[in-house]
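Biologist: I've got a new model open. Walk me through it, please.

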Amino acid sequence: MSVLSATSPRPGRQPYGPEGRSPWLDIDWREHQRWVVVDRAPINTIELGAGPPLVFVHGLLGSWQNWLEQLPVFAAQHRVITLDLPGFGHSPMPPERISISYYARLLDGLFDQLEIDAAALVGNSMGGFVSTDLAITFPERVERIALISPAGVSTYAHPAGVRAEPILRRASRVLTPGFDWVLANPELMGRRRRLRKTLLGGLVTHPGLLGAALATEQIRGGAQSPGFFDGLLANLNYDTRERLAEIACPALIVWGEQDRVITARDAEIFEQSIPGSRKVVLEDTGHLAMLERPMAVNQLLEEFLSEETSSVE
């Protein structure tokens, strides 16, 4: 399969971060928010646009705001839906323990509540992991799948994840006050480049180029993550590597070459494991390609969504 690359930031060519005024800044998102209850779990959902359904799933320490640079763009031709997974963003902790399979079942139930038979999915990191599990377990729900730095290959560490649980629990008690302070001061964190680099530097290659408004929304959503440690354990302990070959829908894999969260070497494994898939590696890009290279990622998604579906051999 062919591999495309984005170059480093240059005028008029694959810019890093948003270019010009982003459409999401002019939307009253309260008009598109509603609560949907699935198996006793209240889910904060955002929906806009009309047309074929397109669902975006965020990753660990993420929220629906991870997709701000995509939602208005694709709402022009799609019924766009995104959500805060239970334990993240505004969605409270779920009534049962967080796991990848639980989140996949939750998406299946959400589709029922929203009267969606099947949809195209775009998932980042843990959201990509959940999306692949949905495609494996409920294949009739997924028409095509785009994975942006998905977890599920090198992130599997069982039984190391089990041994790490007591340490992670203790760490959560130490770090929670810090999360609370960040949640109370997201604008301050987003405006100051040094603080922005501290919080986002491990996720993106150039946090200072994201812009204060976009960075603030990522910090605001990421700080509301009581499910982080349970979600981290879920990523470590769940193994679907041998089942990736069961994904029968068209698949696109996008990775940042400088991803410091999940190695870009996994892109080749995903491409080899999912029949008929193709990978795209973006240079000078980290773990959140949809925010770091929104124009490049949106173009890739538009092309992928418009491709005619062909049977996977």
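Biologist: How many bridges join strand 3 to strand 5?

Modeller: Four, between residues 53-57 and residues 119-124, and the two strands run parallel. Phe56 has Val122 of strand 5 as its bridge partner. Strands pair here if DSSP finds at least two bridges between them.

Biologist: Where do the numbers come from?

Modeller: This is a predicted model, so local features need pLDDT of at least 70 and side-chain atom pairs count only at pLDDT 80 or more, while totals for chains, interfaces and linings use all residues. Residues are numbered from 1 along each chain as its sequence is written, and side-chain values use heavy atoms, with hydrogens and water left out.

Biologist: How many helices and strands in the protein?

Modeller: Eleven helices and eight strands. Both are DSSP runs numbered from the N terminus: helices are H or I with at least four residues, strands E with at least two.

Biologist: In what order do the strands form the sheet?

Modeller: 1-2-4-3-5-6-7-8, as an open sheet with mixed pairing. Strand 1 (33-38) and strand 8 (278-282) are at the edges with a single partner strand each, so one side of each has no neighbour in the sheet. From one strand to the next, the twist averages 25 degrees.

Biologist: Which strands does helix 9 lie across?

Modeller: Strand 6 (142-148), strand 7 (251-256) and strand 8. Helix 9 is residues 266-273, and it runs at about 175 degrees to strand 7. Angles go from 0 to 180 degrees between N-to-C directions, with axes fitted to C-alpha atoms, for helices over the stretch in contact. Helix 11 (residues 294-306) also packs on the sheet, where it touches strands 3, 5, 6, 7 and 8. Its direction makes about 160 degrees with that of strand 6. Contact means heavy atoms within 4.5 Å.

Biologist: Switching to helix pairs. At what angle do helix 2 and helix 3 pack?

Modeller: About 70 degrees, with the axes 8 Å apart.

Biologist: Now Arg141. Buried or exposed?

Modeller: Arg141 is buried, at 7% relative accessible area. Buried means under 20%, exposed over 50%, partly exposed in between, using a 1.4 Å probe and protein chains only. Arg141 lies in the loop between helix 3 and strand 6.

Biologist: What is Arg141 in contact with?

Modeller: Skipping neighbours within four places in sequence, the contacts of Arg141 include Asp108, Asp112, Asp117 and Leu134.

Biologist: What about the protein overall?

Modeller: Of its 313 residues, 55% count as buried. Among contacts with a separation of 6 or more, 76% come from residues 24 or more positions apart.

Biologist: Backbone next. What is the phi of Asp39?

Modeller: About 50 degrees, positive although Asp39 is not a glycine. Most residues other than glycine have a negative phi. Asp39 sits in the loop between strand 1 and strand 2 (41-48), and it counts as exposed at 57% relative accessibility.

Biologist: And what is phi for Leu61?

Modeller: Near 60 degrees, also a positive value in a residue other than glycine. Leu61 is in the loop between strand 3 and helix 1 (71-74). At 31% relative accessibility, Leu61 is partly exposed.
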